[in-house]
Amino acid sequence: MNITIIPQLQDNFCFHVEHNKTSFIVDCSEVSKLSHYMKQQGKDFSHVFTTHKHHDHSGGNLDLAKTGKQVVGGSFDNIPGCTIPVQNE
């Protein structure tokens with residue numbers, strides 16, 4: 001497994017997680033910085049996992065959802081752009 005930290009805003013991060021052929025992002029707030037990293041590395045991802053709705057963790061969701069990326073988030077947390085709601089059991 002490979003995890004890369006991608007700086008976001010002035011004091012935050014998102015994470016690019018790669019395992020085997022799976023690649024996803026956790027908590028993207030700035031799509032421009034994420035896109036720059038992905039293009040520079042020649043990589044792509046399928047999903048964005050959002051830990052909670054605050055802008056510094058979910059600010060990029062709406063733009064990423066428009067590009068066809070799946071946005072995963074808590075069903076009770078009103079995650080912006082969420083396409084796959086998950087529930088605690």
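Mentor: Let us begin with burial: a residue is called buried under 20% relative accessible area, exposed over 50% and partly exposed in between, with a 1.4 Å probe and protein chains only. Ser 29, with a relative accessible area of 7%, is therefore buried. This is a predicted model, in which local features need pLDDT of at least 70, side-chain atom pairs count only at pLDDT 80 or more, and totals for chains, interfaces and linings use all residues. Residues are numbered from 1 along each chain as its sequence is written, and side-chain values use heavy atoms, with hydrogens and water left out.

Trainee: Where is Ser 29 found, and which residues does Ser 29 touch?

Mentor: Helices (H or I, at least four residues) and strands (E, at least two) are DSSP runs numbered from the N terminus, and Ser 29 lies in the loop between strand 3 and helix 1. Contact means heavy atoms within 4.5 Å; leaving aside residues up to four places away in sequence, Ser 29 touches several residues, including Gln 8, Leu 9, His 55 and Asp 56.

Trainee: Is His 16 buried or exposed?

Mentor: His 16 counts as buried because its relative accessibility is 0%, and this residue belongs to strand 2 (residues 12-19). A polar contact is a pair of N or O atoms within 3.5 Å; within protein, one must be able to donate a hydrogen and the other to accept it, and residues adjacent in sequence count only if both atoms are side-chain atoms. The side chain of His 16 makes such a contact, at 3.4 Å, with the side chain of Tyr 37.

Trainee: In what order do the strands of the sheet lie?

Mentor: Strands of a sheet pair through backbone hydrogen bonds, either parallel or antiparallel. Here two strands count as paired if DSSP finds at least two bridges between them. Six strands form an open sheet in the order 1-2-3-4-5-6, with mixed pairing. Strand 1 (2-8) and strand 6 (84-86) are the edge strands, each pairing on one side only.

Trainee: How many bridges join strand 2 to strand 3, and how many join strand 3 to strand 4?

Mentor: Strand 2 and strand 3 run antiparallel and are joined by five bridges, with Phe 15 standing opposite Val 26 in strand 3. In the hairpin of these two strands, which has two residues between them, Asn 20 takes a positive phi near 55°. Strand 3 (residues 22-26) and strand 4 (residues 47-49) run parallel, joined by three bridges, and Val 26 stands opposite Phe 49 in strand 4.

Trainee: Which strands does helix 1 touch?

Mentor: For angles, axes are lines fitted to C-alpha atoms, for helices over the stretch in contact, and values run from 0 to 180 degrees between N-to-C directions. Helix 1 (residues 31-41) packs on the sheet, touching strand 1, strand 2 and strand 3, and its direction makes about 140° with that of strand 1.

Trainee: What pattern does the protein chain follow along the sequence?

Mentor: The protein chain, with three helices and six strands, follows the pattern β-β-β-α-β-α-α-β-β.
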